[in-house]
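Notebook open, model loaded. I want to look up a sheet, then the pockets, then some ring pairs.

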Amino acid sequence: GEDVEQSLFLSVREGDSSVINCTYTDSSSTYLYWYKQEPGAGLQLLTYIFSNMDMKQDQRLTVLLNKKDKHLSLRIADTQTGDSAIYFCAESSDSSYKLIFGSGTRLLVRP
Amino acid sequence: DAGVIQSPRHEVTEMGQEVTLRCKPISGHNSLFWYRQTMMRGLELLIYFNNNVPIDDSGMPEDRFSAKMPNASFSTLKIQPSEPRDSAVYFCASSWDRGSGANVLTFGAGSRLTVL
């Protein structure tokens with residue numbers, strides 16, 4: 001079945017870059033998403049990428065997709081303490097309502 | 001738009017009691033989802049509505065759980081009777097599903113349920 005895996009925890013120093021990784025198994029995945037969850041809040045969409053793209057950049061965020069290896073990463077440049085949160089990777093197929101979420105990566109930014 | 005509105009934000013109840021969680025989706029969205037989040041199981045899709053009709057309820061744990069969407073602006077998730085293992089954060093999310101393309105969900109802030 002479909003599966004999305006992420007490492008559980010990442011700690012970085014303020015000002016450094018963070019790279020959060022994700023792997024997925026469904027070869028029919030068409031859209032890959034990154035969501036952010038702050039304490040006590042719901043998930044907030046950060047960005048998503050279509051599977052025919054290799055890279056997408058949005059301000060401090062860079063998404064890289066290696067479709068051959070089914071590997072997705074989220075790079076946050078100049079990480080700030082406000083970036084501390086749980087980051088979820090998710091995938092869906094075209095015309096599918098169902099998002100398959102990973103277990104989330106908790107990012108801790110140290111001052 | 002105020003986003004997806006959920007109530008209550010926190011609920012503490014005793015085992016055996018009925019619990020009703022409420023959701024107001026974003027106006028104009030035609031799809032609504034109920035998710036449950038726990039440390040052990042992560043995010044689980046419980047049920048999905050499209051145009052107020054339940055399409056996929058395969059994630060609903062058991063008959064104690066039921067969900068309704070009487071109109072496009074309101075949905076409920078009911079647990080009766082509640083059990084301690086139902087303790088979790090329940091999220092409602094909505095989206096505009098045009099049948100293809102990315103499915104961009106907007107989540108509510110969640111309802112944290114504690115069953116004693």
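Predicted model: local features only at pLDDT ≥ 70, side-chain atom pairs only at ≥ 80, totals over all residues.

I started with a sheet in chain B: it is open, has 4 strands in the order β1-β3-β8-β7, and pairs antiparallel. At the edges I find β1 (5-7) and β7 (65-71) of chain B, each pairing on one side only. Neighbouring strands here are turned by 15° against each other on average, direction ignored.

Strand β3 (residues 19-24) and strand β8 (residues 74-79), both of chain B, run antiparallel to each other over 5 bridges. Which residue is the bridge partner of B:Val19 in β8(B)? I looked it up, and the partner is B:Ile79.

On to the pockets. I get a volume of about 700 Å³ for the largest pocket. How many residues line the largest pocket, and which lie nearest its centre? I count 30 in the lining, with A:Gln37, A:Ile86, A:Arg106, B:Gln37 and B:Met39 nearest the centre. Both chains show up among the strands that each supply at least two lining residues: β9 (85-92) and β11 (105-110) from chain A, plus β4 (31-38), β9 (88-95) and β11 (111-115) from chain B. By residue type, I have the lining down as 14 nonpolar, 11 polar and 5 charged.

Then the second largest pocket, at about 260 Å³. Its lining has 17 residues, and closest to the centre I see A:Lys98, B:Glu44, B:Leu45, B:Leu46 and B:Gly59. Two or more lining residues come from each of β10 (100-101) of chain A and β4 and β5 (42-50) of chain B. The largest share, 5 residues, belongs to β5(B). My tally for this lining reads 9 nonpolar, 2 polar and 6 charged.

Last, the rings. I have 14 aromatic pairs over all chains. One of them is A:Tyr33 with A:Tyr35, a tilted pair at 6.4 Å centre to centre and 35° between the planes. Both of these tyrosines, A:Tyr33 and A:Tyr35, are buried.

Why is the pair A:Phe88 and A:Phe101 edge-to-face? Their centres are 6.4 Å apart and their planes stand at 85°, and the cut-off for edge-to-face is over 60 degrees. This pair links distant parts of the chain, with A:Phe88 in strand β9 and A:Phe101 in strand β10 of chain A, 13 residues apart. Are these two buried or exposed? I checked: A:Phe88 and A:Phe101 are both buried.

How values were computed:
Residues numbered from 1 in each chain as written. Chains lettered and ligands numbered in written order. Heavy atoms only, no water. Pairing = 2+ DSSP bridges. Axes fitted to C-alpha atoms, helices over the stretch in contact; angles between N-to-C directions. 1 Å grid on protein atoms, 1.4 Å probe; cavity = no way out; pocket = protein on both sides within 12 Å on 5 of 7 lines; lining within 4 Å. Points joined across faces, edges and corners; volume = space filled by probe spheres on them. Nonpolar A, V, L, I, M, F, W, Y, C, P; charged D, E, K, R; others polar. Phe/Tyr/Trp six-rings, centres within 6.5 Å; stacked < 30°, edge-to-face > 60°. Buried < 20%, exposed > 50% of the residue type's maximum accessible area, 1.4 Å probe, protein only.
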